[in-house]
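Below is a short note for a colleague who has not seen this structure before. Please read the points with the model open alongside.

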Amino acid sequence: MALTDLRRPAPPGAAASPGRRRPSGGPRRPRGEGVSAGLTGLALLLAYAGLRPTLQGLSWYLVGALFIVLVLVAANVTRRLSRRPWLPTVVAALASLLALTLGYAADKALLGVIPTPDVLTRFSRLGEQAWLSIAEQALPATPELGIVFLLALLTSGCALFADIVVRRAPALTAAPLLALLGVPVAIRSGVAEPVWFVLTAIVFLVLLRRGQRRATPAAVLVTGAIVVAGSLLLPFVLPPVADDPGTGGPGIDGAVNPLINLGDDLRQGGDVPALTYTTSSTQGVYLRLATLDKFDGRQWEPADIDPARTHDVAKFPAPTGLTSAVKRRTLKASVQVDDISGRWLPVPYPASRITGVDDDWKWVAGGLTVRSRSTSASGQHYTASFLDLKPDLAQLRAATPSPVGMPLDVSVPTGMPAIIAQTALRVTANATTEYDKAVALQDYFQSDGGFTYSETAPVDQHYDGSGADIIAQFLQKKAGYCVHFSSAMAIMARTLGIPARVVVGFQPGTPASVNDKRVFQVSSHDLHAWPELYFAGIGWLRFEPTPGRGVLPTYSDPQAVDDAINQGGGTASPGATASAGPSSSASDPGGASAAPSASAGAATATDRADATPWIVLIVLLVAIALLFTPAAIRAAQRARRMRAVARGRDPAGNAWAELRDTARDNGWAAPDTQTPREFAERLTVTLASSAARIDGLRRGVETTAYARAPGPIRVEDLRSVVKAIGASTSGRDRVRAVLLPPSLVARVRGDEE
């Protein structure tokens, strides 16, 4: 009788056939495993290509494809070298983990590839960044580092799952395929491209046909028809996802970087109300959404989008670089947001306090912008206190750029077009101070350089954007809108050694009388971008290079600076000065004022760095505990029965129950209707070396059943036979017997033998 024959009761009178016993040494490999692996990989790559409408470029696809191939190759090579069925999965998972560590946290790992708690912290932060970016970017999104990391993790998991199930249940490979195909459908209705669904379904049908050798053709065709129909209909039957507000909103829909879509927002047809505000200022105020202080040569973006939880908007730190020598007064603005669905809150600069919003809104260091992790700005009503700064001409001309501690604000990427630095030097050739250079740059764009404002010329002539190459073309064409003017002035200032950044927000809007109150109405056409330049002792100052847009700051006209201060309203009272909060000294510009922000951010970052590895470790321990819970229960049950046999407590009943459950766990049939003698004979055919012990257990059980005195049952015999049963089965059945014992599962489900 073959070993596989023990998986069903032997028919009465059947003769044993020891010569047909399956050779030991592990399970036989099915033919064509390489073809199945290739089809699995092809299906995954096609399904992964379905993400194409959601992301820019090709780098994200190459990374995900690399991890798919890595997992499948590692698993199948290991499978050819080893007969242990669990080893390929372990090796593939380990290869994926090492590759993720090498690619995304090599500086935190031992020897660059061995994970440490710091690696887990890095992975956690990349995951957080990815989800924020996914939630906030417009389509097609920029494949930032966090997003690519998440895709590498997703493709690795899908490939690992597909490799596990493809040989045993090929139909289950539909799960990872649908997980990949469903990403664009989940992001937005109508984005998914049906061609990838069809191609993936075709490969899946071929894979299914190869794996279902015992299935009828009708079953295969029905399953395939369901998959194909589902793939084609899925994008249309799922609930639609709300599109970005086009004509229905000002276009600031929560993007991490509002500058990217600002041109499209300005060119949209309707003029949609964005917000209204009242203010104690005699003039309107600029309201910022995001501060873009990082420039990589291709675009401007925020250096920090994740505010610390301790950054309560009820008290802002003093603005960077501002000293007590600069006159200021405290003003207020009461803002009612209408149709802005982003997570940036429009606030004046520099804000000192905001009331009326919940605790989810936090200030972001550096630019003192305000951001939420989950709450939309739409419908918010709040009051912001802010400082109105009045530096005099002597302070402006005495101020020097101080990039100490701010490398991002003054850095210039290598390889930029020469026209940018050359134009900056030429325009500021007669300027003797940093302030005069800044004014010269502003005047060059406003009037001296022959520039015109146009929202369509950059699109028509293919130089729309904020990258260095785009700005080089803009300086030649001399036509563009606020994105071009602000980016050009900021980059040119940096080439001169002046720290500069770009801010996206709203210009002051249009004043109107509502219920006898002066109210400023701001619409989507007031979306704007402007540069800010840093001067030691004063801090960040707004400039306005865009002709015909915004309001020129008073301090940008040297002749008007002192006159404006002497006309009143600019002289700060002692109380007003004190209300500004702590500020840095002139001898240490930006130092003290930046300290609260930096220390708070560092403390929060440290707390998260300390906590994240433990959280991940706890989750892993819980997962491992759940995985091994059935094994622990079964091991405890076996130990209890062994003790009962050793102590003489119903030895026959406990021994027989343990023997029967062990057989079931290892894939053998052991029905209650079969007598001990019949079952012992079946065991003896395969476990010939344990025949004496099996016979001793049988006699003990039969003696107990038919005699008054219990029969002799030795615990050593029971342990030996249990061990022999486990050793005679394949590795796959052995792993299943330990991790998910069928006898325990049957008992939980109430199955009848």
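1. A cysteine to start with. C482 has a relative accessible area of 0% and is therefore buried; buried means under 20% relative accessible area, exposed over 50%, and partly exposed in between, with a 1.4 Å probe and protein chains only. C158 is buried too, with a relative accessible area of 7%. The count of disulfides is zero, a disulfide being a pair of cysteine sulfur atoms within 2.5 Å.

2. Basis of the note. This is a predicted model, in which local features need pLDDT of at least 70 and side-chain atom pairs count only at pLDDT 80 or more, while totals for chains, interfaces and linings use all residues. Residues are numbered from 1 along each chain as its sequence is written, and side-chain values use heavy atoms, with hydrogens and water left out.

3. Overall make-up. The protein has 25 helices and 17 strands; helices (H or I, at least four residues) and strands (E, at least two) are DSSP runs, numbered from the N terminus. Of its 753 residues, 50% count as buried. Its accessible surface is about 34,400 Å², and carbon and sulfur atoms hold 59% of that; the areas come from the Shrake-Rupley method with a 1.4 Å probe, and for residues only the protein chains shown count as cover. Among contacts with a separation of 6 or more, 72% are between residues 24 or more positions apart, where contact means heavy atoms within 4.5 Å.

4. Nonpolar cores. Which residues have the most contacts inside the largest nonpolar core? They are I354, F445, L533 and F543, in a core of 90 residues. Helix α16 (residues 482-495) gives the largest share of this core, nine residues. A second, separate core has 50 residues, including A49, A65, A109 and L126. A nonpolar core here is a set of buried Ala, Val, Leu, Ile, Met, Phe, Trp, Tyr and Cys residues joined through side-chain atoms within 4.5 Å. In soluble globular proteins, nonpolar side chains tend to be buried together.

5. Surroundings of I354. Leaving aside neighbours within four places in sequence, I354 is in contact with V313, A314, F316, V347, V370, Y382, T383 and A384.

6. Helix α13. This helix spans residues 434-448 and is mostly covered, with 11 of its 15 residues buried. After α13 comes G450, which has a positive phi near 75°.

7. The structure holds 19 salt bridges, each a side-chain nitrogen of Lys or Arg within 4 Å of a carboxyl oxygen of Asp or Glu. One of them joins D665 and R634, with the closest N and O atoms 2.7 Å apart. D665 lies in helix α20 (residues 651-665) and R634 in helix α19 (residues 591-647), so this pair ties together parts that are 31 residues apart in sequence. D665 is buried at 2% relative accessible area, and R634 is buried at 3%. R638 and E658 also meet in a salt bridge, 2.8 Å from N to O. This pair links R638 in α19 with E658 in α20, 20 residues apart. E658 is buried, with a relative accessible area of 0%, whereas R638 is partly exposed at 26%.

8. R693 pairs with D717 in a salt bridge, the closest N and O atoms being 2.7 Å apart. R693 lies in helix α22 (residues 691-706) and D717 in helix α23, so the pair ties together parts that are 24 residues apart in sequence. Is D717 buried or exposed? At 8% relative accessibility D717 counts as buried, while R693, at 31%, counts as partly exposed. Helix α23 covers residues 715-727. Not counting residues up to four places away in sequence, D717 touches R693 and L697.

9. A surface patch. V195, V198, L199, I202 and V206 form a nonpolar patch on the surface, with about 360 Å² of accessible area together. Patches are made of residues with over 30% relative accessible area and no salt bridge; like charges are joined within 9 Å, and nonpolar side chains (Val, Leu, Ile, Met, Phe, Trp, Tyr) within 5 Å. V198 lies in helix α7 (residues 194-211) and is partly exposed, with a relative accessible area of 32%. An α-helix has 3.6 residues a turn, so residues three or four places apart point the same way.
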